[in-house]
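Hello,

Here is the structure I promised to pass on to you. Please have a look at it first, and then read my notes on what turned up in it.

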Amino acid sequence: MSVTNIPGMHSMFNSLHSVPPDPILGIISAHAADPNPMKIDLGIGVYRDEKGDTPILECVKKAEQILDSTQTTKMYLGPPGVVGFNSAMSSLIFGEGSSVLSEDRVRTIQTPGGTGALRVGADLINTASPGATIWVSDPTWANHNAIFPASGLHMKAYPYFGRERSDLRFDEMMSVLAQRGPDDVVLFHASCHNPCGVSPDPAQWRAITDIAAERGFLPMVDMAYQGFERGIEEDALPVRLFAEKCPEVLVASSCSKNFAVYRERVGAISIVCGSSQKASDVVTVINSLTRKNYSMPPAHGTGIVDIILHSDELTALWRSEVDSMRNRINGLRKLLSEKISAAGIDKDFTFLQRQSGMFSFLGLSVDQVRRLREEFSIYTVDSARVNVASFNDSNIDYFISSLKAVL
């Protein structure tokens, strides 16, 4: 007799039922099982080179060799993590000469990836203001919708992406932001907005940061693609403007994309406070929150980034490799737009060249997306968000002919 059939036996988990898989994970599985040699996975958010691989950067290989040859222990790290990584990330994000660094108002704590940083930041907000409201862009990264409510925060959306013209609804966004106040948190994507690829320009960022300072809401910035939009320094502009104008700022950063260390889970939560003492106070709260969550952080990936950012030679190599990834993506955007136009497709896809980063919405219906999947083995989520970095010389023409067939 199975123990589940014993009369009167109570089961803690009987009330639980299977949860549908994350759409991206479902696409990965379906693509892997598809025998079609022409299949294309446009869903997963990783950088790919011309061969379709996600390579290890040369700077990472060299730093990893140094780390392996110099490590003497696998002892626990303290709750804040690798100290050199934290200080290097503070400088990378806020700028070497920033006033918030010279005034000692910034604290950076490593986390397990950018997702871990978002969760720690959300827990910190809920500790400071239980049940606070966080405003996110419409649309936003899908996992935001799970992370923030899981921490007890309420979520609301502000206008952001105009689907008809694939552009920024700037005036509508500013109108909603003008109504926010000190009890609100507003989440922004620093660059390469996921999922739509549309970002404010520098003048618009200045207007956004001005209104944050005027209205007094807490800016929280998700910084997952530094270097993939305009450049490493350029993509830090919104964070640095917020830090310059606002007394408090939260930044959740990730090294997954720009160091291509996805599986190492390298991220950080940075907080700007009104004074050095308050920043030190808040760090004790963060350490308490992480102790109750993952207790101690991992060391390998952050050790690699620490070595890179403290070596002039490896930093220069890293910056060059980030430039190459960004230039490849931008080149693919231009090529894709031009080839679609040359194929005689009436729908205007020139917006691809105006956007940045790995992601864009193609503006297809659910039926068209499913036809691409079922008839042509081209996999993307139902929203038609595609990873532009998944295209290469061997699949782009097949994709365009398939696209033309479903439009």
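Let me begin with the lining of the largest cavity, which has 7 nonpolar, 2 polar and no charged residues (Ala, Val, Leu, Ile, Met, Phe, Trp, Tyr, Cys and Pro count as nonpolar, Asp, Glu, Lys and Arg as charged, and the others, Gly among them, as polar). This is a predicted model, in which local features need pLDDT of at least 70 and side-chain atom pairs count only at pLDDT 80 or more, while totals for chains, interfaces and linings use all residues. Residues are numbered from 1 along each chain as its sequence is written, and side-chain values use heavy atoms, with hydrogens and water left out.

The residues around that cavity are Y158, Y160, M173, F188, H189, H193, P200, W205 and I208. Its volume is about 40 Å³, and the structure holds 1 cavity of 30 Å³ or more. β7 and α8 each contribute at least two residues to the lining. On terms: the search uses a 1 Å grid over the protein atoms alone, where a cavity is a set of points that a 1.4 Å probe fits but cannot get out of, a pocket is an open set with protein on both sides within 12 Å along at least five of seven lines, and lining residues have an atom within 4 Å of a point. Grid points are joined across faces, edges and corners, and a volume is the space filled by probe spheres set on the points.

The largest pocket has about 1,300 Å³ of space. It is lined by 50 residues, and I44, G45, V46, W141 and K257 are the closest to its centre. Helix α1 gives the largest share of this lining, 4 residues. By class, the lining has 25 nonpolar, 16 polar and 9 charged residues.

The second largest pocket holds about 470 Å³. Of its 27 lining residues, I125, A128, V185, L218 and E248 are the closest to the centre. Here α5 gives the most, with 4 residues, and the lining divides into 19 nonpolar, 3 polar and 5 charged.

As for the fold, the protein has 15 helices and 13 strands (DSSP runs numbered from the N terminus: helices are H or I with at least four residues, strands are E with at least two). The radius of gyration, taken over C-alpha atoms, is 22 Å, close to the 22 Å from the globule rule (2.2 Å times the number of residues to the power 0.38) for 407 residues, so the protein is as compact as a globular protein of that length.

Seven strands form an open sheet with mixed pairing, in the order β2-β10-β9-β8-β7-β3-β4; two strands pair if DSSP finds at least two bridges between them. At the edges are β2 (106-112) and β4 (154-159), each pairing on one side only. Within the sheet, β8 and β9 run parallel and are joined by 4 bridges, and M223 has S253 in β9 as its bridge partner.

Helix α7 (170-177) packs on it, touching β3, β4 and β7, with its direction at about 140 degrees to that of β4. Helix α10 lies across β2 and β10, at about 15 degrees to β2. Contact means heavy atoms within 4.5 Å; axes are lines fitted to C-alpha atoms, for helices over the stretch in contact, and angles run from 0 to 180 degrees between N-to-C directions.

Best wishes
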